[in-house]
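Please look at the model first.

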Amino acid sequence: MSEAIPQDARIFVAGHRGLVGSAIERRLRALGFANVLTATREQLDLRDQAAVNYWFRANRPELVYLVAGTVGGIMANATRPAEFLYDNMMIHATVVHASHLFGVDKLLYLGSSCIYPREAAQPIREDALLTGPLEPTNEPYALAKIAGIRLCESYRRQYGCNFISAMPTNLYGPHDNFDLTSSHVLPALIRKFHDARVSGAAVVEVWGSGTPRREFLHVDDLADACVFLMERYDGDTHVNVGTGEDLSIGELAVMVRDLVHPAAEVVFDPSKPDGTPRKLLDVSRLHELGWHHSIDLADGIASTYDWFVRNAARQKSITVPA
Ligand code: GDP
């Protein structure tokens, strides 16, 4: 698959309504791919193997981006462990299996940096997988993601399928989830400072101690990396995708505050969990393959805030400032 992918290839983006899937669909369409296939949740329950097989038989995708799943931030993971484990295990299994049954040429499976042990040496190399205990706040999700990686490797080994895996760091961008109970930290901070600005509140609460460190990648960069790997990478080991740079949650809160509501004071809420102390990926394998991110964090936050304000009017509970 190292030659260019034909513009009329039938490409299934599983999960096109999500943060990642919508970015991959945008990227593929911008590159001129004419047969991007999608299915909404209402049209196709990806947890149902019979339904997925039926869909693959009818649509015959040649390439698959498997980026569908039940996702969320630290609270959603902690309070809905059954959904995170069941939905993701099932979705990964049905799509991988149908891709094998119906002769898909290549599949890219998207994991997550939470697959790595809580105490992994930083920056985290790909071979840190399964070398220690996981972070408890997202263990069910991580287990489903690890099973997905092993699933791709096993189908590759037993059936010769060209199924590859990419492990992205924390993502953000347009079409993110801005709901405060289920979102990740960056959209949550954008929403919290925005709401405080609109209501005139002087204080914004940030969960935990502010000391955990995270790495953030704009989803348009991730989409670009996924298309790059689909075109150029056929290896059997998963590949980390990130920027190679991290910052503390406290520093991130100040960045968002300065952009959205500079007058606000940041206050930490230690009753909320910190999660894993640090999650910074070693991206040397991806750099060696020839891919680097291009969207700087400050620019990415500014454009995401702009997207949020322009699209907030659609969400009744969010007020757009004058
Ligand atoms: P994680 O990377 O899997 O831990 O997922 P999150 O993006 O949900 O959280 C990252 C860090 O940001 C954790 O230490 C959270 O406690 C912290 N954080 C601070 N404020 C918030 C918030 O309002 N929402 C979320 N989701 N996390 C927050």
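In strand S7 (residues 203-207), side chains alternate between two faces. Val-204 and Val-206 point to one face and are buried. Buried means under 20% relative accessible area, exposed over 50%, and partly exposed in between (1.4 Å probe, protein chains only). Strands (E, at least two residues) and helices (H or I, at least four) are DSSP runs, numbered from the N terminus.

This is a predicted model: local features need pLDDT of at least 70, side-chain atom pairs count only at pLDDT 80 or more, and totals for chains, interfaces and linings use all residues. Residues are numbered from 1 along each chain as its sequence is written, and side-chain values use heavy atoms, leaving out hydrogens and water.

Two strands pair if DSSP finds at least two bridges between them.

| Strand | Partner | Bridges | Opposite residues |
|---|---|---|---|
| S7 (residues 203-207) | S12 (residues 265-269) | Five | Val-206 and Phe-268 |

Where is His-261? His-261 sits in the loop between helix H8 (249-260) and S12. His-261 counts as buried because its relative accessibility is 11%. Leaving aside residues up to four places away in sequence, His-261 touches Phe-193, Ala-196, Arg-197, Ala-201 and Val-256. Contact means heavy atoms within 4.5 Å.
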